[in-house]
Amino acid sequence: MDRECVSLLPGVCEVLAASGRSLPDDTSLEKLLDWFSGLTEAGGSLLEACPCLLEFTSTVVHNTASDPGVLSFTLRLTGLMAATEDGFKKLQERSVLNQVFRLKHWQEAGLWEDPCLRIGWIQGLRSMLQHPKALGFFVQSDFIDPLLQLQTDTSLFVASAANQMLAHILLFFQPVSSLGCNGGDKKEEEEDDDGRTHTSAEYTAAVTAISEYLKVSLVPKKYTKLRQSLQILKLLALLLAQAGPPLWDKLLHTVADSLEELVTAGCSQLTLPLMDVILAACSSSGADGRVPDQRVGRLLSAMLNVNKPADLIHAAAAFLRRGHHDIVHTTRAVRILLLPLHIVTGQTLLGTNTTADEHQSSVVEQLKCKTSCISIICVCLTNAPRITLSPSSVLPCPPDLIITAVLSLLRICSGISSSSSSSSSSSSSSSSTGCSEVCRNVISSGKVQKCALEALTALNSSPGAEEKISEVFTVLMQYLDNPDSDPTVLHKSFQAVVKWTSVSTDLSFATDQLRRDLVEIVKKRACDMRWEVRDSTVEFLGHLAGVPVSVSTAEEVCDASHVLLGGCCTTPLLKEALQDTESYVRASAVSALAKSLAHGWQQGTALSEEETEIVSRLLEILSQDTEGFPRRAVVQYFISWFSSRSSSASPPASSASLLKQCVRSVLSQGSADLDWEVKVHTLELAELVLDEAFSGHRGYRKGSDAPRAPQHPYGVVSEQTYTLHTRTEGAESALAGVVKLGVISALLSGLVDCDRPVGLKACRLLVTLRDTVCPDAAAAVATVSCELPGSGWGQEIRKTLGMKRSDIAAERGIGGANEGGDGGSVSVCEALRSLGLDERLDVLAQSSDHIHNSPLSLLQDILTTSAARTHPDTQPGQEVIVDCY
């Protein structure tokens, strides 16, 4: 521990012990505990390093007028000091533990009613319970009963802490041999140093008391006790998932009857927590080659046979989500989840050779209620993709029939058809089950439409999907053309089109009529009054351009937008969207353009006149757009263009020349942008230029910073892996080239930027460049210079260089250099050597509060605050606040 901290700690303890009211910043107590916890975890002894803490604890405990926050802090600190056996022994010798944790003391003082104190008591004991001696003290002090009572405390924070405390006691102190059965290694089983190899009497007593409490309290006696049952079920799920065989058997044996009573009670609010418990027991029951417990199987069967349809559906969904490989119960769960879709759509999802499902009538009645109908249908839709991937032995129908059912449901929702007409083979059964009444509940339901479209999107990878493409596109085109579709439904419809397009590698399903219809729909939606729809349409064009499609002739590959839209409307529509009044749409248009033009960049084809106009427009957006999103997207566009060039296909001279001009312009404008993300992306472009220029030079390290993945939805970086040309020219030629493009100016500008991410990125790149070109010390390299502007970042750079030169001159005993106030140029190598990049990088790499984020600063703040509050000369209204880090 820092010596200065040790010298200040007694004063801080005195301040805290004397405080009759809260500190101005009560988080300072949490910060102190964090510091003490760190010292303990590092293997230090708090009592040896800070002997004043012992006296502080005794003083505070006997001063019942202390602030409750300080009292709670003292309880937690005491537990921390007693977390080691040596610390525990010392505190026991001084009778501190009895004083601090004795419940009667706090109750008689009238302080137990404060939840702050109760949670401090719980957390202090939990910190202490890290060794058998602490458990013995806990049990012998009769703390189990109070802890059990706190499970239902009026404060949710206290109840939650008490709940976690019970789990800690049972799991932490269980025999190591039990842990070994749940994955503990042999070495751990053989170790006996921690005293946990054999079950102690104290642990047995704790397990018995807690298990009996769980048994008695699990079933709510009245509705008001429901929260207690929820809390206990949450605890049981945690315990059964992590407990070894002896504890697992003890817990399950004790609470099995109560769990069965809960299942038969049919309390809907407890369905999912109850399934969590049963499934946790299932996971552990068959682990390590053990025979699955029959009690757990009975509970699961009962849950998958409850009478309430909504509870039945949720239980089946919970079972499937856990991915158990129990064929019997999986088959049951699948039938349960398909039943509502079977009823609503009229598709024979449960097979043709079976009688009606035993729950069909009750499910039909439940579906007649609109609220429950929508909820149940959405749960079934969410699980439909998972069901189609199940083994054929558990499926009652072919997987493609489930896709058909989802399509039928989408038609019903839009009012195109009813279930009675969607399947001629089951029209008679539909009317008999009251399906017409059920269908009215889902017609025009936006929630069901969105859920069904999400399910349909995920079903593109299901077996038999390719045979359903034409039918899928028919329904999706109806949704996209429907004037009543809301923006979210249209967005999800576009997403589904993209996903299903990738199912067929050649798009042979696309008829001329489908292409014409899609072109008309896209043109219409691109002009929609709602900006969300325009944005979704523009995004769709970009995503569609990213789907590769094989062309029948030879091995040629193009994008899906070219095949489906004919390549005639994508670029014009996106070009028009660059003028949109909404910034999100403009940004999406830039992103989509990058994706749609990427194929041509990679092939090295010449830019068309239209593409050249687009480039000019993008540069205008970068310099003139008032919103940050489009400007960020523009920089990412040029990053994508630069990185997408293939080494095997040299671009025409005109395209290469235009790209070089654009890079220079983007680096110049982007580095001066007001948006810090635009500046960071500009530096990413600068890094690509450096990579290309110096990749063939010894010592150059590519990727000096984090991956260049876009951090916002409009970032566009090509997924195409690019190969950089190896340069054989000298370092001076490469350096002169990047200077001419404006890379060095962008890096120097970023180095002194007020935004830390920008400065950090620029500094790292400059260090990489320095380590590459400066060690050579060639005369030619030394002559390469960079122009500095007369103001702004240029002035900052000259000031820094002038200070460095003065320091060097002072060391050599010669006159210092004049930093000057005009522009001019500076040697790049001299600047790289003289800017103190390593020192600056160390500072930038630290968090912004590194100066104040220290225990010493915290202790000084507490003392300063105390002095300011008690000093008679303090000015009215003057306030000293503890630093919050």
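This is a predicted model: local features need pLDDT of at least 70, side-chain atom pairs count only at pLDDT 80 or more; totals for chains, interfaces and linings use all residues.

Student: How many aromatic pairs does a search of the whole structure find?

Tutor: A pair of aromatic rings is described by the distance of the centres and the angle of the planes. The search of the whole structure gives 16 aromatic pairs. In one of them, tryptophan 35 and phenylalanine 36 have ring centres 5.1 Å apart and planes at 25°, so this pair is stacked, and both residues are buried.

Student: What kind of pair do tryptophan 601 and tyrosine 637 form?

Tutor: Their ring centres are 5.2 Å apart and their planes stand at 90°, so the pair is edge-to-face. Because tryptophan 601 belongs to helix α35 (residues 583-603) and tyrosine 637 to helix α37 (residues 628-644), the pair ties together parts that are 36 residues apart in sequence. Tryptophan 601 is buried at a relative accessible area of 7%, and tyrosine 637 is buried as well, at 1%.

Student: Which residues form one aromatic cluster?

Tutor: Phe88, Trp112, Trp121, Phe137, Phe138 and Phe143 do.

Student: What span should helix α29 have, and what covers its buried residues?

Tutor: At 1.5 Å a residue, the 13 residues of α29 (residues 469-481) should span 18 Å, which agrees with the 18 Å between its end C-alpha atoms. Its buried residues include Ile469, Phe473 and Leu480, and among the elements that cover the buried residues of α29 are α24 (399-413) and α30 (487-501).

Notes
Residues are numbered from 1 along each chain as its sequence is written. Side-chain values use heavy atoms; hydrogens and water are left out. Helices (H or I, at least four residues) and strands (E, at least two) are DSSP runs, numbered from the N terminus. The expected span of a helix is 1.5 Å times one less than its number of residues. Buried means under 20% relative accessible area, exposed over 50%, partly exposed in between (1.4 Å probe, protein chains only). Contact means heavy atoms within 4.5 Å. Rings of Phe, Tyr and Trp (its six-membered ring) pair if their centres lie within 6.5 Å; planes under 30 degrees apart count as stacked, over 60 as edge-to-face and the rest as tilted.
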